[in-house]
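User: I would like to learn how to read the features of a structural model one after another. Could you take me through this one?

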Amino acid sequence: MNKLPFNYFTKSLIVVTILVNIMAQNLLAQSKNPSPLNFPTPKNIDNMLFYIQRDPNTNTAVYALNYQENGKINKSNPIKAYWIRYAEKGEQKDLSYIQRKFAYGIESKTLNNEEFEFQFVSYKKFPLTLKKMEDQKYHVFVSVNQKRIQLEKIFVRIEGGSFWLPNVKYAEVTGIDASSNKTITERILF
C-alpha cells in the first residue's frame, strides 16, 4: 500500500476536524441561549440610527435622529425613540412615560456641534456616541470588548424576572467594526 495517499488523507482529516471543531465552538458561543422568537428587521425607517429587540416579543425600539422643523438636529434631544409594534400589525407608537424614564429612554449631552454622548436610562454603564462622520451622516458608536463598533442593532436576551427587574442574560451588539470595516456581533454578559 502506498503511504503517500494515506499520510495525505490523515493530515487532511486532521485539518478538517480542527476546522469543524473551531466553527462549532464559534457557533455554540454565538447561539448559546438564543431567543425562541424570530425578529423582523426594520426597513425603510426615516433617519434610523439603530434599534433594540428583546424577549418576550418582537416589538422593536427604534432610535432615530430627531430633526427640528428647520432641518437641523435638535441639540437638546438629538435622538427620538419609539416602538414598531410588530405584534400589533407594525404600528409605530411612542414610548410610554415609564419606558422613557426607566427602560428605553436616553439621556444625552452635547460634546460639540456634531457630536453627542448618550446613555440608556436603564443602564448607564454603556456610553454611546452620536457623531457626524465624513459621509455627512450621523452614526452611533459604542465600545464593546475593546472594539469600537458603529452600532446597527442591540438584542437583549431576557429570561424571566419581573416588569421592574427583568432577568437580563446578555446583550448582543451588532454593527460595523471601526478597525476592520466588517460586520461583527459582540456579546455583553450580565
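**Reading the fold and its features**

Analyst: The protein chain holds two helices and eleven strands. This is a predicted model, and the order of its elements from the N terminus is α-β-β-β-β-α-β-β-β-β-β-β-β.

User: How should I read burial, and what share of the 190 residues in the protein chain is buried?

Analyst: The general idea is a cut-off on relative accessible area, since buried means under 20%, exposed over 50%, and partly exposed in between. In this chain of 190 residues, buried residues make up 34%.

User: Turning to pockets, how much space lies in the largest pocket, and which residues are the closest to its centre?

Analyst: A pocket is read from its volume and from the residues that line it, where a lining residue has an atom within 4 Å of a pocket point. Here the largest pocket comprises about 870 Å³ of space, and of its 30 lining residues the closest to the centre are Ala103, Tyr104, Ser122, Ile158 and Pro166.

User: Which elements give two or more residues to that lining, and what is its make-up in nonpolar, polar and charged residues?

Analyst: The elements that contribute two or more residues are the strands β1 (48–54), β2 (57–65), β3 (79–85), β7 (123–132), β9 (147–161) and β10 (166–177), together with the helix α2 (97–102). The largest share, four residues, comes from β9. By residue class, the lining of the largest pocket divides into 21 nonpolar, six polar and three charged residues.

User: How are aromatic pairs read, and how many does a search of the whole structure find?

Analyst: Two rings pair if their centres lie within 6.5 Å, and the angle between the planes then gives the class, with under 30 degrees counting as stacked and over 60 as edge-to-face. The search of the whole structure finds eleven aromatic pairs. One of them is formed by Phe120 and Phe126, which are stacked, at 6.4 Å centre to centre and with 20 degrees between the planes; both Phe120 and Phe126 are buried. The pair of Tyr123 and Phe190 is edge-to-face, because the ring centres are 5.2 Å apart and the planes stand at 70 degrees.

User: How do I read backbone features, and where is the peptide bond that is cis?

Analyst: Backbone features are read from torsion angles. The peptide bond from Asp55 to Pro56 is cis, with omega near 15 degrees, and Pro56 lies in the loop between β1 and β2. Asn44 has a positive phi of about 55 degrees although it is not a glycine; Asn44 lies in the loop between α1 (3–31) and β1 and is exposed, with a relative accessible area of 78%. Gln146, not a glycine either, has a positive phi of about 60 degrees. Gln146 lies in the loop between β8 (138–144) and β9, and its relative accessible area of 82% makes it exposed.

User: Lastly, which side chain does the side chain of Asn74 contact, and is Asn74 buried or exposed?

Analyst: The side chain of Asn74 makes a polar contact with the side chain of Ser76, at 2.8 Å. Asn74 lies in the loop between β2 and β3, and it counts as buried because its relative accessibility is 18%.

Terms used. Residues numbered from 1 in each chain as written. Predicted model: local features only at pLDDT ≥ 70, side-chain atom pairs only at ≥ 80, totals over all residues. Heavy atoms only, no water. 1 Å grid on protein atoms, 1.4 Å probe; cavity = no way out; pocket = protein on both sides within 12 Å on 5 of 7 lines; lining within 4 Å. Points joined across faces, edges and corners; volume = space filled by probe spheres on them. Nonpolar A, V, L, I, M, F, W, Y, C, P; charged D, E, K, R; others polar. Phe/Tyr/Trp six-rings, centres within 6.5 Å; stacked < 30°, edge-to-face > 60°. Buried < 20%, exposed > 50% of the residue type's maximum accessible area, 1.4 Å probe, protein only. Polar contact = N/O pair within 3.5 Å; in protein donor to acceptor, adjacent residues only side chain to side chain.
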